[in-house]
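Visitor: I would like to learn how to read the features of a model like this one. Please take them one at a time.

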Amino acid sequence: MQSFSLLLLVLSAAPQPPSDSPPQTPPAAEARPADPEDKPVLAGPAQDVDPSAAEDTEGLEDESLELEEMRALEGATLDPGARPDAEVLQSLRRLGVANPLRLRMLDALEEPTFREDEASAEMPRITDLSTFDVALVQARYDIPVEMQPLVAQYIQFFQGPGRKWFRKWVSRSTRYLPTMQPILESLGLPRDTVYLAMIESGFSPSAYSWAHAAGPWQFIASTGRQYGLHQDFWVDERKDPIKATYAAARYLKDLYSELGHWYLAWAGYNTGSGRVRRLMERHGTSDFWTISAEKGLATETKHYVPKLIAAALIAKHPAAFGFAEDEFVYEPPLAFDEVKLTEAVDLDVVARAAGASVLEVQELNPELRRWCTPPASAKNPYTLRLPQGTRQRFTENFAQLATKDRLAFRVHRVKRGDTLSQIALNYGTAPEAILQMNQLKSLRTLRVNSELVIPVPVGRPTKESTTESALARKVAQARRSGVTVPRPEDEVPAGTPRGPVAVGPIKTEVIGGRKRITYGVQSGDSLWAIAQRFQVAVDDVRKWNNLTVRASKRALKVGSVLYVWPSNAPAPVVERAGTVVAAQKAPTGRPGTVHSLAAGESVWSVAQRYGITVEDIKRWNHITDTSRLPTGLKLTVSAP
């Protein structure tokens, strides 16, 4: 190979590199003091770093660009026998294909490996790792790669037991590499650092670990917040592949500045920089392999660096390591349009307006934790991604969508005694819609102080109201997706204490030939607990005691009494608005279940309660106008 001695002559006449090009490696920084709270967590603990520190050094990076480029080439220039290393390659890549300096350097080096516009030679099949010379491919990487026993073992693992997973990782990588690598490079990191995301998550935005790390770069909550990833009721930006890549680049940049080598930075990403720094000081070395051979690092961290090297080697040269092309199903690169929303919008509405599927919208916006976008305003809009080429259609269709054809959203904080059915009734919505909006398949017990987003119909129902159809579509969609709603009598009120169920005193007597129990309410009792003790339904307990849903809590004061009829005989009929009246004659003259319309109820909410349609109620009760039905009207709610 030609010597690099000509490079100094080339550089002496070369123009200045662009001022906005970042350096290959972050400028050295003084190591932060050891943090006693560092723990071996998957993506590293939060550190005492000012999140704005990386931004504060941007000016310094611009000023030191030329010096960094020179340093990257100096070592190779002074050693005529040296091969062009990863730093040289990175420097050339950063200059850009058309940069005159890059072209002069290429001519001087006559090194075809550097010409990214030319396809690199295909590696021959590697049949014996013990004889594989990694030096033959080092120049094709801008991260340090070398063969170690554990690297070889991980290559064999990915070729064998881990093959099916590695195939998925490589297939998915084509979706994210074109987006992630330029981000890493723009912040001064090697492009091949992207393979850290491969071993962390397999490039999966939905990955979630035992250590509560999330997203493609597996940030724990505290470290994510430290590096600018917002997490709240509505979104978790750790799952966004673009935002998380920027955060990971800043984090890795800080780790490299502190620890001085990419192997150590990667290890710090896995276990925390404080632990790595203390081991460096204890053993008096900055060599990862030496530190790894000693005590102090968890096995996971010792394997982290060789695993990353192995993944990078195979991912760039799968055929050389025994992977056939037809083993991969490559995903298309991430591509999208963006729109700014000034209000919370149901994803189903978004998808229909864009002419796309809800799944497509969700895959482009993995940070969304609900089935809708977050609250927004004209001053603080929310940027939503849409499938590429759908922005104009969405804008036109969304502008024509009437307010009454959409749903509004409220946030409900669960209180002690709440049940899903009660919450749905209070907001005039459906339990299925609540579960689906919160991405839940089923929910028998609510957790006190947890929060739920509640889809609420907009406006008052009318005869031809599309508000009802908007909520009905949401319910139908939830049922199609597998959402199941427990029966009200099977729900466990939030905050129900574990232990003995309803242990209050009882009095048993016979009334009209039937057994009646008088139960004395105790502290901590709920209608569900009382119903469970006597093997009856919650709705029956309400009916026997002339209670509405809203009045149930008042009836559960300590010292009050409730009547329970535990036999299987038909319960006494109590006619009250909002309750079932059993075995009456329906308006049609045929026997059926009858519902007395309560204040504030609509025909649609009644239909949802009984699992029937509005059209069924209209037909069975000979009703044409559902907009002005009087309170107390008895409606047949089962087929005659």
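Predicted model: local features only at pLDDT ≥ 70, side-chain atom pairs only at ≥ 80, totals over all residues.

Visitor: How many helices and strands are in the protein chain?

Guide: Helices are DSSP runs of H or I with at least four residues, strands are runs of E with at least two, and both are numbered from the N terminus. The protein chain has 26 helices and ten strands. Of its 640 residues, 51% count as buried, meaning under 20% relative accessible area with a 1.4 Å probe and protein chains only; exposed is over 50%, and partly exposed lies in between. A contact means heavy atoms within 4.5 Å. Among contacts between residues at least 6 apart in sequence, 69% join residues at least 24 apart.

Visitor: At what angle do α11 and α12 pack?

Guide: Axes are lines fitted to C-alpha atoms, for helices over the stretch in contact, and angles run from 0 to 180 degrees between N-to-C directions. Helix α11 (residues 241–259) and helix α12 (residues 262–271) pack at about 125°, their axes 8 Å apart. That makes α11 oblique to α12, since angles under 35 degrees count as roughly parallel, over 145 as roughly antiparallel, 65 to 115 as roughly perpendicular and the rest as oblique. On the α11 side the contact includes Tyr251 and Leu255, and on the α12 side Trp262 and Trp266 are among the residues involved. By class, this contact has eleven nonpolar, one polar and no charged residues. Here Ala, Val, Leu, Ile, Met, Phe, Trp, Tyr, Cys and Pro count as nonpolar, Asp, Glu, Lys and Arg as charged, and the others, Gly among them, as polar.

Visitor: Which residues of α12 meet α15?

Guide: Tyr263, Trp266, Ala267, Tyr269, Asn270 and Thr271 in α12 meet Glu300, Thr301, Tyr304, Val305, Leu308 and Ile309 in α15. By class, the contact of α12 with α15 has eight nonpolar, three polar and one charged residues. α12 and helix α15 (residues 299–316) pack at an angle of about 130°, with axes 9 Å apart, which makes α12 oblique to α15.

Visitor: Which face of β1 is covered?

Guide: In a regular strand the side chains alternate between the two faces of the sheet. In strand β1 (residues 336–341), Asp337, Val339 and Leu341 form the covered face, and Phe336, Glu338 and Lys340 the uncovered one. Two strands pair if DSSP finds at least two bridges between them. β1 pairs with strand β2 (residues 382–387) in the antiparallel sense over six bridges, and Arg385 of β2 is the bridge partner of Glu338.

Visitor: Where is Phe203 found?

Guide: Most residues other than glycine have a negative phi, and most peptide bonds are trans. Phe203 has a positive phi of about 65° although it is not a glycine, and is found in the loop between α9 (195–201) and α10 (221–226). At 0% relative accessibility, Phe203 counts as buried. His212, in the loop between α9 and α10, also has a positive phi of about 65°.

Visitor: What follows α26?

Guide: His622 follows α26, with a positive phi near 55°. Helix α26 (residues 614–621) is mostly covered, with six of its eight residues buried, Trp620 and Asp616 among them.

How values were computed
Residues numbered from 1 in each chain as written. Heavy atoms only, no water.
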